[in-house]
Amino acid sequence: MEQMYEYWLACLKGIGSERKRWLKEQAGTARDLYYIEETERGKPILVNDAERKAIEAGRKSWNLKQEYDKLKQAGVRMVIKGEPEYPKRLRSLTGMPYALYVKGELPGEEGLTAAIVGARRCTAYGETMTLEIAERLAECGIQIISGMARGIDGAAHRGALNAEGSTYAVLGCGPDVCYPREHRGLYQDLLKRGGILSELPPGTPPLPQHFPARNRIISGLSDLVLVMEAREKSGSLITADQALEQGRDVYALPGPVNSSLSRGCHELIRQGAGIITGAADLLEDLGVLQKNPCPKRKKKTKETKIMLESAENLVYSNLGLFAKNQEELSRLTGLAPSELAKVLVSLELKGYIEERSKNYYVRRVK
């Protein structure tokens, strides 16, 4: 089965993506490259010594059927560069992966796509603006792409989901690995309303060096990149730089001049990035309002006040979109740690709050 050999070639170490494609074209198929000694008897292949050693080492260390079975068992499909399903937006860009590993769907080729990125430890302002803008863009049929990280990424996905829009995550680990773990619910929701993809094969752990590389895919899949909050020299600025190199439009959200989380955005604006003043202006710049008016949403009836026990109401009223830890909540509410822990569990079970990271809680966005 040719796909087994394609998977072997995609995972082969020591040879770059473009070189793999060239060698495969010279050999004929991935299978021909795997059995290079036999292939060379019929025609010469321009393989250098280092590449030959990489192929031999990869063949010795790889169980074709066993590894391919793992891929299928993980519920992951592989899309090879050159195949029709490989995203059009990535085809013309240099440095794109030989293969993408996908759970769910890939972004649609029609319509607009926006990447929304920013700080993991964002402010309430950054998170609120991200939710509002992602929701509004998704309402208008714009696909939202981010990296499923804590903070801005998670808010971008959630905003799109709130609007019943399409949203996709590019991970810095295998597509079958949920990272961070507290986003398990978000991970499952993404599979229902979009998809999860990675250039890393199933089972690959979330190592630090994987994340800067995945940013080029986030920007490459997008028509524009929105940077909501970013420190100086942050990963979000790497995404913005790559977006500019790829010919994508970049916008940045201004913030308080004394906020370290806005310095990166202000630097982008100084360099000529568009200024995010709200979803309406973004949509106007994109020509969406003129060509494809956003559907009017049904106004929600005013929600009745949440009926909670007094201690639960006290804790709930002290939570918002910006995570607070148990120590801070105990100080704000006057509740003993043991009592507070019980209240937090009760609120979480009722679906009113969620644990953003260990012992840090936020209100759940409905």
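Mentor: A residue counts as buried here when its relative accessible area is under 20%. Keep in mind that this is a predicted model. The part to look at is strand E2, residues 99–104. Of its 6 residues, 5 are buried, so the strand is largely enclosed by the rest of the structure.

Strand E1, residues 77–80, is joined to E2 by 4 bridges, and the two pair in the antiparallel sense. Within that pairing, Leu100 of E2 has Val79 opposite. E2 also pairs with strand E6, residues 194–198, again through 4 bridges and antiparallel. There, Tyr101 stands opposite Ser198 of E6.

These pairings belong to an open sheet of 9 strands with mixed pairing, and its order is E1-E2-E6-E5-E4-E3-E7-E8-E9. E1 and strand E9 (274–275) are at the edges with a single partner strand each, so one side of each has no neighbour in the sheet. Helix H10, residues 184–193, packs on the sheet and touches E2, strand E5 (167–170) and E6. The direction of H10 makes about 110 degrees with that of E6.

Further along the sheet, the pairing of strand E3 (residues 113–117) with strand E7 (residues 224–227) is parallel, over 4 bridges. Ala115 has Val225 in E7 as its bridge partner. Another helix, H13 (residues 263–270), lies across E7, strand E8 (249–252) and E9. H13 runs at about 130 degrees to E8.

The axes of helix H8 (residues 124–139) and H14 come within 9 Å, crossing at roughly 40 degrees. Angles under 35 degrees count as roughly parallel and those from 65 to 115 as roughly perpendicular, and H8 and H14 are therefore oblique to each other. The crossing of H8 past H14 is right-handed. On the H8 side the contact is made by Ile133, Arg136 and Leu137, and on the H14 side by Ala279, Leu282 and Leu283.

The buried residues of H14, which spans residues 279–286, are Ala279, Leu282 and Leu283. Seen down the axis of H14, these buried residues fall within an arc of 95 degrees, so they line one face of the helix. After H14 comes Gly287, with a positive phi near 75 degrees.

Methods:
Residues numbered from 1 in each chain as written. Predicted model: local features only at pLDDT ≥ 70, side-chain atom pairs only at ≥ 80, totals over all residues. Heavy atoms only, no water. Buried < 20%, exposed > 50% of the residue type's maximum accessible area, 1.4 Å probe, protein only. Arc of directions from axis to C-beta. Pairing = 2+ DSSP bridges. Contact = heavy atoms within 4.5 Å. Axes fitted to C-alpha atoms, helices over the stretch in contact; angles between N-to-C directions. Parallel < 35°, antiparallel > 145°, perpendicular 65-115°, else oblique. Left-handed = near helix turned anticlockwise from the far one by under 90°.
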